[in-house]
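I set out to record the pockets of this structure and one of its helices. My entries follow the order in which I looked things up.

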Amino acid sequence: MKAYYEHRAPEYDDWYLGEGAFSARERPAWREELEALAGALRALPAARTLDVACGTGFLTQHLRGPIVGLDASETMLSIAGARLPHARLVVGDALALPFGERSFERVFTGHFYGHLEDEQRAVFLTEARRVATELVVVDSALRPDVEPEGVEERAVRDGSRYEVYKRYFTPGGLSAELGGGRTLHDGRWFVAVAA
Ligand SMILES: C[S@@+](CC[C@H](N)C(=O)[O-])C[C@H]1O[C@@H](n2cnc3c(N)ncnc32)[C@H](O)[C@@H]1O
């Protein structure tokens, strides 16, 4: 997964913006829902936040309070740096967070949790709970046209291909996995839960 996203970083935002390879995708009400998700994130109380696997900072930009963004990809972080001039950005591993206990009030993670397999998931949740009391997870919503979990083949613009493990969630299922939580967004494309 790390190699795929490092490679895809320069075109990652095309997914959100419906540009490049995503311009031909039929995604009804995608933009409207993305704006609703952004609104739900902006409505969260300001908090000292660690955004784990922040990518290009596309969702990070809506979080209020002092932000640290962590990602394994230097290219992702260089794009995030231009978008988030006030955030501290750190290259690191989400499964071994380089921070002490309770360094943050909130861990936020977008479209990362659903790429983790069983064991990695347990490590990530332990790490998230070690460094913060609250965990907010945004991920892809389970829809009729996708399998709840599987390995997906992903292509990058230069023609290279990767296999990526991916899951899709209902708010209730995600909340149950996180040990109980509050649904922040329940849409056709995205779910968000605070636990
Ligand atoms: C689907 S992108 C999500 C980016 C952003 N959070 C968002 O919601 O748009 C997944 C991100 O996870 C990062 N990543 C993958 N494995 C990682 C790891 N072990 N530690 C930290 N970041 C990782 C990738 O570099 C990529 O930026």
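I looked up the largest pocket and noted a volume of about 720 Å³. Among the 32 residues lining the largest pocket, W15, F22, R25, E152 and R154 come closest to its centre. A pocket here is an open set of points on a 1 Å grid where a 1.4 Å probe fits, with protein on both sides within 12 Å along at least five of seven lines, and lining residues have an atom within 4 Å of a point. The model is predicted: local features need pLDDT of at least 70, side-chain atom pairs count only at pLDDT 80 or more, and totals for chains, interfaces and linings use all residues. Numbering starts from 1 along each chain, and side-chain values use heavy atoms, without hydrogens and water.

I next asked which element gives the most to the lining of the largest pocket. I found β6, with four residues. I counted 15 nonpolar, three polar and 14 charged residues in that lining.

For the second largest pocket, I recorded a volume of about 430 Å³. M1, Y5, A53, D71 and F112 are the closest to its centre, out of 30 lining residues. Its lining divides into 15 nonpolar, 10 polar and five charged residues.

I then turned to helix α3, residues 30-42. Its buried residues (under 20% relative accessible area, 1.4 Å probe) include W30, L34 and L41.

Definitions and conventions: Helix = DSSP H or I, 4+ residues; strand = E, 2+ residues; numbered from the N terminus. Expected span 1.5 Å × (residues − 1). Buried < 20%, exposed > 50% of the residue type's maximum accessible area, 1.4 Å probe, protein only. Points joined across faces, edges and corners; volume = space filled by probe spheres on them. Nonpolar A, V, L, I, M, F, W, Y, C, P; charged D, E, K, R; others polar.
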